[in-house]
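Please look first at the sequence and the model below, and then read the report beside them.

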Amino acid sequence: MKATLRQCAQAVLLMLALVSAPLALAERQPLDSVIAIVDDDVILQSELDARVRTIVSRLNTQGTRLPPMEALEERVLEQLITDSIQLQMAEKMGMRVSDNELNDAMQNIAARNNMTLQQFEQQLAQEGLSYREAREQIRREMLLSRVQQRNVDNRVRVTGREVDNFLSASAAGGDSGVEYQLAHILVAVDDFNDPAGVEAAREKANSLLERIRSGTDFREVAVAESDASNALEGGVMGWRPENQLPSLVSDVAPALDLGEPSEVLESGSGFHIVTVLDTRGGDQQFVEQAKVRHILVRPTETVSDADAEQRINELADRLRSGEDFAVLAKEFSDDPVSGSDGGNLGWVSRGEMVPAFEQAIETATVGELTGPVRSRFGWHLLEVQERRQKDMGGQIKEAEARQALYRRKFDVELQNWLREIRDEAYVDIKNDTASEADANENS
């Protein structure tokens with residue numbers, strides 16, 4: 001009975017996907033085809049083509065040589081399948097990314113790349129991606145991140161003792177504060193109790209290492225061969241401070257020259273090769289902070305955005321006429337926590353506030369009223385009362401230690417969880433041998 005229901009579900013999904021084009025357009029134009037069924041979702045050929053185009057453009061921009069197109073398409077399809085499983089989970093959990101959150105994310109990405117939104121849009125166009133497509137792709141990535149956090153976070157525990165031990169070890173080792181940009185290749189092992197499978201994975205890892213040492217670009221090999229979730233980004237892991245390096249490579253990375261691959265490393269998830277793409281920085285103890293207070297007027301179902309803007313302008317006029325900031329904040333601010341304290345937000349470090357508010361803080365003159373400023377929370381008036389350089393060494397080191405331990409454990413558990421949900425999902429790939437093998441595996 002279960003198999004019959006699954007067959008019915010497949011038939012319905014296929015029918016919905018294939019009959020969506022109006023009959024009037026049936027001028028022998030090729031219909032978009034279903035290439036995979038993933039639980040209650042379908043993946044279309046057009047989705048695969050679009051994702052491949054984006055990745056090819058990105059790899060070309062990076063100067064990374066492309067693997068054979070067939071191998072690339074196979075890996076991209078596998079990523080789409082894993083994404084589909086997670087996005088369906090997010091849907092069932094009721095997860096959403098609002099337009100305001102998405103706008104903030106786009107602004108943050110542009111700012112991190114030292115671009116305006118217009119420059120960012122132009123850069124996307126050069127990569128063959130429209131601004132609208134990029135927004136939806138980033139929305140998907142935000143949902144994926146949230147569903148991963150929701151499901152993997154409860155597997156990760158960092159104790160106070162682990163933090164203390166980490167800090168003691170860092171002190172003994174004389175942590176330099178240098179940051180490393182790493183890239184990573186994983187050859188996964190599903191079952192270490194299977195000697196033949198383990199040996200095959202080891203041989204593959206050694207073969208990949210020889211290819212890299214012979215001159216093949218590390219990121220090219222990662223795209224084509226790595227089993228890690230970041231394979232299609234060339235295995236790039238981003239910047240990591242020395243004390244946040246994964247434990248597997250914490251002693252290896254500092255000894256590598258730029259671009260030099262490590263030896264094959266073994267962990268509970270398989271065999272790894274890492275390289276250092278770049279390094280930067282050193283110890284950073286001082287943080288720029290601003291002491292800020294604000295008044296917020298938040299639009300609601302009964303207060304339109306225009307009404308909220310009018311109210312904040314009226315409050316600005318009263319403040320410029322000499323009325324007391326703290327008194328008006330207590331009476332009128334829609335931020336109940338700071339409002340009850342005269343609008344005080346205390347000392348704020350860079351990166352703690354939403355982009356529009358943070359930009360206003362950075363450009364504000366100490367002691368002068370700034371605003372109105374619009375953020376995703378509403379309309380603000382703010383005042384920077386003081387600025388300082390604060391030595392946060394102890395607090396930073398403890399926070400970094402906890403984050404480093406968390407990321408080490410999270411990275412391992414994420415790979416385990418992705419493998420689990422892929423194994424548990426019903427996946428039917430619509431091509432000859434792969435379809436049959438996958439259907440048998442999941443039936």
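## The whole protein

The protein exposes about 24300 Å², of which carbon and sulfur atoms supply 48%; accessible areas come from the Shrake-Rupley method with a 1.4 Å probe, and for residues only the protein chains shown count as cover. This is a predicted model, in which local features need pLDDT of at least 70 and side-chain atom pairs count only at pLDDT 80 or more, while totals for chains, interfaces and linings use all residues. Residues are numbered from 1 along each chain as its sequence is written, and side-chain values use heavy atoms, with hydrogens and water left out.

The protein has 15 helices and 11 strands, where helices (H or I, at least four residues) and strands (E, at least two) are DSSP runs numbered from the N terminus. Of the 443 residues, 40% are buried, a word that stands for under 20% relative accessible area, whereas exposed means over 50% and partly exposed lies in between (1.4 Å probe, protein chains only). Among contacts (heavy atoms within 4.5 Å) between residues at least 6 apart in sequence, 70% join residues at least 24 apart.

## A sheet of three strands

Three strands form an open sheet in the order β2-β1-β11, with antiparallel pairing; two strands pair if DSSP finds at least two bridges between them. Because β2 (41–44) and β11 (427–429) stand at the edges with a single partner strand each, one side of each is left without a neighbour in the sheet. On average, neighbouring strands of this sheet are turned by 20° against each other, direction ignored; axes here are lines fitted to C-alpha atoms, for helices over the stretch in contact, and angles run from 0 to 180 degrees between N-to-C directions.

Strand β1 (residues 34–38) pairs with β11 in the antiparallel sense over three bridges, and valine 38 has valine 427 in β11 as its bridge partner. Helix α2 (residues 45–62) packs on the sheet, where it touches β1 and β2, and its direction makes about 55° with that of β2. Helix α3 (residues 69–93) lies across β1, β2 and β11 and runs at about 40° to β1.

## Charged pairs

Side chains of opposite charge can pair when their charged atoms come close. A salt bridge is counted when a side-chain nitrogen of Lys or Arg is within 4 Å of a carboxyl oxygen of Asp or Glu, and by this rule the count comes to 25. In one of them, arginine 139 meets aspartate 99, with the closest N and O atoms 3.1 Å apart. Since arginine 139 lies in helix α6 (residues 131–152) and aspartate 99 in helix α4 (residues 99–112), the pair ties together parts that are 40 residues apart in sequence. Arginine 139 is buried, at a relative accessible area of 17%, whereas aspartate 99 is partly exposed at 45%. Asp99, Arg135, Glu136 and Arg139 are linked in a network of salt bridges.

Which residue forms a salt bridge with aspartate 411? The partner is arginine 240, at 3.4 Å from N to O. This pair links distant parts of the chain, with aspartate 411 in helix α14 (residues 393–424) and arginine 240 in strand β4 (residues 236–241), 171 residues apart. Aspartate 411 counts as partly exposed, at 29% relative accessibility, whereas arginine 240 is buried, with a relative accessible area of 5%.
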